[in-house]
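Hi everyone, thanks for making time.

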Amino acid sequence: MTSRDVRHSLRELLRGRGEWLAFAVLLIALGFLPLMNGPGYEWNLVVGLMAPVWAGVSAARRVERDAVVTSGFAALLDGTKRGIVHAGLVVLVPCVRGLISGFCEPALEISFVVLGAGVGTILGSGSGALVGFLLPRRSVSTDARRASSWRSMGRAVLAGVTGPLLAALVGLVEFHRSPAVYLFSDFVGFFAGPLYEVVDFPISRLLTYRIAAVFRWLALLAASATLVRTTAGRLALQRISAARALWGVVAGAAALAFFFAGPSLGHRTTAQSLREGLGGNVSDGPCEVVYQRGALPREHAALVARECAGHWRAFAEEWSFSPPEHVTVFLFADERSKKHFVGVGQTYVAKPWRREVYVQNAGNAKPLVVTGTV
């Protein structure tokens with residue numbers, strides 16, 4: 001790439017300076033809100049919900065305006081480059097605010113925002129550009145002339161929100177079917193779950209999650225190269241080089257490997273991985289206690305199972321209803337272990353639709369026993 005090409009790329013990135021300025025002003029205004037005066041969990045969460053959508057809409061508008069973008073590869077690559085500028089503002093603004101108001105743990109906080117909302121903004125911009133390219137259109141020239149119309153803006157907004165909205169729906173499904181309350185997301189990065197606990201930044205887990213995201217992006221980039229748009233505005237398939245196809249296959253295989261290794265890497269918790277991680281099991285009537293073997297004695301877990309069965313019978317008699325036939329109590333040795341597996345430490349959690357309860361040993365030698373019903 002020559003210096004002329006670099007200058008041309010920079011000029012293309014900086015087109016629409018008003019939009020960059022508006023985005024920066026919005027971020028600066030957010031920095032004056034409570035708990036948002038520097039890089040941290042609150043900043044990452046709020047901006048991680050907003051910035052990928054903004055960047056995605058901007059990238060989709062760019063695809064609408066630029067008749068030269070005639071391939072999925074070009075659209076995704078251009079959206080990714082524009083997302084880097086947005087991500088730079090996402091990281092820079094809270095760092096400046098942190099210099100003014102002070103940091104707690106600057107390296108940790110900045111790393112968390114870079115790997116979280118920063119990378120998420122880049123992915124949001126790329127997804128917006130690709131979806132904007134895939135949306136049907138009449139012709140390249142017609143769309144270019146109508147780029148400033150409300151219809152064009154509506155298409156760009158649809159393209160920008162599609163990726164984050166799908167990720168949010170996947171997150172809701174994962175929360176429903178998983179024992180965990182935390183969530184790793186391509187756009188937000190990390191959502192801790194509890195509202196009243198100090199959030200620990202899982203930098204190592206977030207780093208491996210982002211490495212997996214890079215492989216997913218590379219696979220998508222190779223796949224998008226097969227899509228082109230004709231001058232009539234229709235999508236068509238084209239053959240790609242063997243080298244590009246090989247890189248797509250390798251990247252896709254690596255992404256799948258990371259996905260299946262997700263429970264062991266801490267990217268998500270399943271009922272099976274939780275049972276394997278705790279290791280112990282004891283039952284009493286309808287109650288099963290899955291406990292942390294090696295850290296808790298079996299006798300302790302048996303008392304908890306006995307207490308659970310007592311509560312089960314007491315509630316059934318007092319309220320005259322049929323309780324669930326099976327209840328699982330996941331018993332952790334301490335708050336730290338529970339937070340690692342489930343995402344919460346101090347907070348006691350139950351997911352009634354899963355018939356599961358998640359509690360930790362409070363440090364007592366014996367659990368409380370329900371008198372008169374056991």
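Let's begin with Val289, which is buried, at a relative accessible area of 0%; buried means under 20%, exposed over 50% and partly exposed in between, with a 1.4 Å probe and protein chains only. Before I go on, a word on the source: this is a predicted model, where local features need pLDDT of at least 70, side-chain atom pairs count only at pLDDT 80 or more, and totals for chains, interfaces and linings use all residues. Residues are numbered from 1 along each chain as its sequence is written, and side-chain values use heavy atoms, with hydrogens and water left out.

So where does Val289 sit? Its place is in strand 6, residues 287-292. Helices and strands here are DSSP runs numbered from the N terminus, helices being H or I with at least four residues and strands E with at least two. Leaving aside residues up to four places away in sequence, Val289 touches Gly280, Asn281, Val282, Ala301, Val304, Ala305, Val329 and Leu331, a contact being heavy atoms within 4.5 Å.

Five strands make up an open sheet with mixed pairing, in the order 5-6-7-9-8; two strands pair if DSSP finds at least two bridges between them. Strand 5 (279-284) and strand 8 (349-351) are at the edges with a single partner strand each, so one side of each has no neighbour in the sheet. On average, neighbouring strands are turned by 20° against each other, direction ignored. Helix 12, residues 298-319, packs on this sheet and touches strand 5, strand 6 and strand 7 (327-332), its direction making about 40° with that of strand 5. For those angles, axes are lines fitted to C-alpha atoms, for helices over the stretch in contact, and angles run from 0 to 180 degrees between N-to-C directions.

Next stop, helix 9. Its buried residues are Gly248, Ala251, Ala254 and Ala255.

Finally, the whole protein: it has 13 helices and nine strands, and 46% of its 374 residues count as buried.
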